[in-house]
Structure formats: C-alpha cells, structure tokens
Amino acid sequence: MSQKSLAEISTPVRHFAIQLSATRRGARLARLLVERQLDEWGEAYDAAAQVVAELASNAVLHGRVQGRDFRLTLRLHADRTLRIEVTDARGDRIPRLAGPVADEAETGRGLRIVAAYARRWGVLEAAAHGKTVWAELALADRDLPGRAV
C-alpha cells in the first residue's frame, strides 16, 4: 500500500468538534448534537448517540475540574468508521471496565455499553493533564428514521 493511499484511508471525510460545559446539560447537549450531526451527514445515529451519552456523562461525573469544559470530536472516515472522542480535564482518572454489576446497581454499566457498541475503544493522554476516551464504531447500513426505503 502506498503512503498516499494510507493517508487517504486515515484522513477523515467529515469532522465535527465542539467544547461543552462539564455539566449534565453539556452531556445532554453532546448527545443531541451527535444525533443532529450524523443525521445531517446522512448516517444512522442510534449507536453513536448511546456511546456519546455514556462518554459525556463520564466526563461530567468523573472527569470534571471546576471551570474546565469537555470536548467532543467526531471523525467519519471513508470506510464509514466513526471515531468518537471525549476529552476531559482529569487525566488521573482512567476509566476501566469494572467487575460484574449487581442488577439493582444504578451505576457501573457505562463502559460496558460503550464496549458493546464499539469495534474498539481506549484512553489517551491529553494536554493539560487531561485524557481522551475514544471509541470507533462501524456505522450500520440502514435507513434513517423517517426516510423512504
């Protein structure tokens, strides 16, 4: 494979990024913005919205530093792989899949949901002592709600 074709594969076709307040409202807005952006790009958004909801919620609950926002980035590649990145201010709190969760527990399932939807996911160190939690999804070949078949 030539260097040019490798670059073409790894370069996103579409890109979206926004900084949001590290609040519950910011986390809800992240999910809504993903739905709207993927709909605008003509892509199904259900799985991506679930992943963003979990990652944004974790950024607000576990990655928040007073006065600092979190960043949401979407990169859609030509092979229809969607890379979702959520960057927060707490690089010292690395997310990990926990052991089994009790049925009545109200927390502890977020990363399991991410892992179920994503081809792969992980964590990278970010600037200013932060971290980026990312997930890659293969977008489904299906019609969007309300579109003709």
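# Salt bridges and strands: a working chat

Visitor: How many salt bridges does the structure hold?

Guide: The structure holds 8 salt bridges. A salt bridge is a side-chain nitrogen of Lys or Arg within 4 Å of a carboxyl oxygen of Asp or Glu.

Visitor: And what kind of model is this?

Guide: This is a predicted model, where local features need pLDDT of at least 70, side-chain atom pairs count only at pLDDT 80 or more, and totals for chains, interfaces and linings use all residues. Residues are numbered from 1 along each chain as its sequence is written, and side-chain values use heavy atoms, with hydrogens and water left out.

Visitor: What's pLDDT?

Guide: pLDDT is the predictor's confidence in each residue, from 0 to 100. The chain has a mean of 86. Of its residues, 81% reach 70 or more.

Visitor: Which elements have the lowest and the highest mean pLDDT?

Guide: Helix H1 (residues 3-10) has the lowest, 55. Helix H2 (residues 24-40) has the highest, 98. Helices (H or I, at least four residues) and strands (E, at least two) are DSSP runs, numbered from the N terminus.

Visitor: Where does pLDDT stay under 50?

Guide: Over residues 143-149. The model has 10 contacts beyond four places in sequence for that stretch. Contact means heavy atoms within 4.5 Å.

Visitor: Back to salt bridges. What does arginine 75 meet?

Guide: Its side chain meets that of glutamate 85 in a salt bridge, 3.0 Å from N to O. The pair links distant parts of the chain. Arginine 75 is in strand S2 (residues 70-76), glutamate 85 is in strand S3 (residues 81-88), and they are 10 residues apart.

Visitor: Buried or exposed, those two?

Guide: Arginine 75 counts as partly exposed, because its relative accessibility is 24%. Glutamate 85 is buried, at 13% relative accessible area. Buried means under 20% relative accessible area, exposed over 50%, and partly exposed in between (1.4 Å probe, protein chains only).

Visitor: What about arginine 83? Which residue does its side chain meet?

Guide: Glutamate 136, in a salt bridge of 2.9 Å, N to O. Glutamate 136 lies in strand S5 (residues 130-138) and arginine 83 in strand S3, so the pair ties together parts that are 53 residues apart in sequence. Both glutamate 136 and arginine 83 are buried.

Visitor: Which residues are linked in a network of salt bridges?

Guide: Arg75, Arg83, Glu85, Arg120 and Glu136.

Visitor: OK, new one. Where does arginine 90 lie?

Guide: In the loop between S3 and H4. Arginine 90 forms a salt bridge with aspartate 92, with the closest N and O atoms 2.7 Å apart.

Visitor: Why is arginine 90 counted as buried?

Guide: Because its relative accessibility is 19%. Aspartate 92 is exposed, with a relative accessible area of 55%.

Visitor: What is arginine 90 in contact with, leaving aside neighbours within four places in sequence?

Guide: His62, Gly63, Arg64, Val65, His129, Gly130 and Lys131.

Visitor: And arginine 96? Where is that?

Guide: Arginine 96 is in the loop between S3 and helix H4 (110-117). Arginine 96 is exposed, at 62% relative accessible area. Arginine 96 and valine 123 are 27 residues apart in sequence, and 9.5 Å apart in space, C-alpha to C-alpha.

Visitor: Last topic: how do S4 and S5 run?

Guide: They run antiparallel. Strand S4 (residues 120-126) is joined to S5 by 7 bridges. Two strands pair if DSSP finds at least two bridges between them. Leucine 124 has threonine 132 in S5 as its bridge partner.

Visitor: What sits between the strands in that hairpin?

Guide: The hairpin of S4 and S5 has 3 residues between the strands. In this hairpin, alanine 128 takes a positive phi near 55°.
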